[in-house]
Amino acid sequence: MAEGGKASRGMMEDLAWVRQVRGLLEAQRDMGVTEIWVPDAWGELRREVEGCRRCPLWRSRRHTVFGSGDTRAGMMFVGEAPGDEEDARGEPFVGAAGELLTRMIKAIKMQRGEVYIANVLKCRPPGNRDPLPEEVEACKPYLLRQIELVRPKVLCALGRVAGQTLLGTSQPLSRLRGRVHRALGTKVVVTFHPAALLRNPGWKRLAWEDMKLLRREYDGLEI
Ligand code: URA
């Protein structure tokens, strides 16, 4: 309930929607329907990724790395590709870069479980080399579908590959970070990849500016 006990417009719409669905279900029950089929978009997508052979990376992977977190999050992070630990565990950002990402999320007063985290590539490129353009193209539909399902208020691209992929540009990271873009039906903030921050701690001050911008956009405040 909104402050002062008043229901917001969004809540009223939700309520109307719930009543409509209940009416439909009751009508079905009255007609003798005893089972309903609920489409499981996330389960279907996950299974598709697990069996993916769209590019040769499937041959060397131990696990696909689908994504993790709150599938209804208002904030979504997109990294580049799984590293060795992620490939071993099937979870994104669980290595050293992941630890830093968790700290970056906490620094803007969010918990890791409150956001959704995915990568451009769902399989590890051997030796952690940069993703090839054809790998990005093959894998991109999975990421776009994840974004469509989460419908975040704001997306944070971690590094050049994520930024260029989400924004459909070849501009360098230096031109992409530090401002708010509009793409894929949402707002996009680009910042440094945590692994790059571990190698270049001097960039952390700029990354902090990006994180504050991300939080402001999430809160819906003007810059
Ligand atoms: N780097 C990424 O871009 N993604 C991960 O999941 C881990 C490291």
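Me: Which residues lie nearest the centre of the largest cavity, and how many line it?
Reply: This is a predicted model. In it, 16 residues line the largest cavity, and Cys-52, Cys-55, Arg-61, Cys-123 and Cys-139 lie nearest its centre.

Me: What volume does the largest cavity have?
Reply: The volume of the largest cavity is about 100 Å³.

Me: How many cavities of 30 Å³ or more turn up in the whole structure?
Reply: The search finds one cavity of 30 Å³ or more.

Me: Where does the largest share of that cavity's lining come from?
Reply: From helix H5, residues 133–150, which gives four residues to the lining of the largest cavity.

Me: And how does that lining divide into nonpolar, polar and charged?
Reply: The lining of the largest cavity has 10 nonpolar residues, one polar and five charged.

Me: Changing topic. Where does the ligand sit?
Reply: In the largest pocket. That pocket has a volume of about 590 Å³.

Me: Which residues lie nearest the centre of the largest pocket?
Reply: Glu-80, Ala-81, His-193, Ala-195 and Arg-199 do, out of 28 residues that line the largest pocket. The elements giving two or more residues to this lining are helix H3 (84–89), helix H4 (96–107), helix H6 (160–167) and helix H8 (194–199).

Me: What lies 2.7 Å from a nitrogen atom of the ligand?
Reply: A polar side-chain atom of Asn-119 does.

Me: And what about the ligand's oxygen atoms?
Reply: One oxygen atom of the ligand is 2.7 Å from a polar backbone atom of Glu-80. A backbone N or O atom of Phe-93 is 2.9 Å from an oxygen atom of the ligand.

Me: How much of the ligand's area does the protein bury?
Reply: The protein buries 91% of the 230 Å² that the ligand exposes when taken alone.

Me: Last one. Which residues line the second largest pocket?
Reply: Trp-42, Thr-71, Arg-72, Leu-149, Val-150 and Arg-151 line the second largest pocket. Its volume is about 190 Å³. Its lining divides into three nonpolar residues, one polar and two charged.

Definitions and conventions. Residues are numbered from 1 along each chain as its sequence is written. This is a predicted model: local features need pLDDT of at least 70, side-chain atom pairs count only at pLDDT 80 or more; totals for chains, interfaces and linings use all residues. Side-chain values use heavy atoms; hydrogens and water are left out. A polar contact is a pair of N or O atoms within 3.5 Å; within protein, one must be able to donate a hydrogen and the other to accept it, and residues adjacent in sequence count only if both atoms are side-chain atoms. Accessible areas come from the Shrake-Rupley method with a 1.4 Å probe; for residues, only the protein chains shown count as cover. On a 1 Å grid over the protein atoms alone, a cavity is a set of points where a 1.4 Å probe fits but cannot get out, and a pocket is an open set with protein on both sides within 12 Å along at least five of seven lines; lining residues have an atom within 4 Å of a point. A molecule sits in a cavity or pocket if more than half of its atoms lie within 2 Å of its grid points. Grid points are joined across faces, edges and corners, and a volume is the space filled by probe spheres set on the points. Ala, Val, Leu, Ile, Met, Phe, Trp, Tyr, Cys and Pro count as nonpolar, Asp, Glu, Lys and Arg as charged, and the others, Gly among them, as polar.
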